[in-house]
Amino acid sequence: MTRLTLYTRPGCHLCEDAVAVLERIGEPYTEIDISGDRELEAEYGDRIPVIMLDGREHGYWRVEEQRLRRDLGTV
């Protein structure tokens, strides 16, 4: 089971930054494009990217790398 989920949309420079951080951390993650999904757009629209850890919102706009590493237990 993947612990991390990243909600994104195309053309989002903050989403690209978030992907780079998650790739650097090296933990598997699922990326979900919210564009075209009315429910996800309503939930996350202005806060993209949103990082979920174990099904709970961990943060949005920027990945707090040290905090995420700590919460993943990889520090």
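**Aromatic pairs and sheet of a predicted model**

Biologist: Which word applies to both Y7 and Y44, buried or exposed?

Modeller: Buried means under 20% relative accessible area, exposed over 50%, and partly exposed in between, for a 1.4 Å probe and protein chains only. On this scale, both Y7 and Y44 are buried.

Biologist: What pLDDT do local features need in this predicted model?

Modeller: Residues are numbered from 1 along each chain as its sequence is written, and side-chain values use heavy atoms, with hydrogens and water left out.

Biologist: What is the mean pLDDT of the protein chain?

Modeller: Where pLDDT is low, the predicted coordinates should not be read in detail. Here 99% of the residues reach 70 or more, and the mean for the protein chain is 95.

Biologist: How many aromatic pairs does the structure hold?

Modeller: Rings of Phe, Tyr and Trp (its six-membered ring) pair if their centres lie within 6.5 Å; planes under 30 degrees apart count as stacked, over 60 as edge-to-face and the rest as tilted. The number of aromatic pairs in the structure is two.

Biologist: What is the pair of Y7 and Y44, given the centres and planes of the rings?

Modeller: A pair of aromatic rings is described by the distance of the centres and the angle of the planes. For Y7 and Y44 the centres are 4.5 Å apart and the planes stand at 25°, so the pair is stacked.

Biologist: How many residues apart are Y7 and Y44?

Modeller: Helices (H or I, at least four residues) and strands (E, at least two) are DSSP runs, numbered from the N terminus. Y7 belongs to strand β1 (residues 4–8) and Y44 to helix α2 (residues 38–44). The pair thus links distant parts of the chain, with a separation in residues of 37.

Biologist: What is the pair of Y60 and W61?

Modeller: The ring centres of Y60 and W61 are 4.8 Å apart. Their planes stand at 75°, so the pair is edge-to-face.

Biologist: Which residue has its charged end over the ring of Y60?

Modeller: A charge sits over a ring if NZ of Lys or CZ of Arg is within 6 Å of the ring centre and within 35 degrees of the ring normal. Y60 has 35% relative accessibility and therefore counts as partly exposed. The charged end over its ring, 5.3 Å from the centre, is that of R47.

Biologist: What is the order of the four strands in the open sheet?

Modeller: Two strands pair if DSSP finds at least two bridges between them. The pairing in this open sheet is mixed, and the order of its four strands is β2-β1-β3-β4.

Biologist: Which strands stand at the edges?

Modeller: Each edge strand has a single partner, so one side of each is left without a neighbour in the sheet. The strands in question are β2 (29–33) and β4 (56–60).

Biologist: Which residue in β3 does Y7 stand opposite?

Modeller: β1 and strand β3 (residues 50–53) pair in the antiparallel sense over four bridges. In β3, the residue opposite Y7 is V50.

Biologist: With which residues is T5 in contact, leaving aside its neighbours within four places in sequence?

Modeller: T5 lies in strand β1. Its relative accessible area is 18%, so T5 is buried. Contact means heavy atoms within 4.5 Å. With those neighbours left aside, T5 is in contact with T30, I32, V50, I51 and M52.

Biologist: Which residue in the hairpin of β3 and β4 takes a positive phi?

Modeller: β3 and β4 run antiparallel and are joined by four bridges. Most residues other than glycine have a negative phi, and most peptide bonds are trans. The hairpin has two residues between the strands, and the one with a positive phi, near 50°, is D54.

Biologist: Which residues does a cis peptide bond join?

Modeller: P49 is found in the loop between α2 and β3. With omega at about -5°, the cis bond joins I48 and P49.

Technical notes:
Predicted model: local features only at pLDDT ≥ 70, side-chain atom pairs only at ≥ 80, totals over all residues. pLDDT = per-residue confidence, 0-100.
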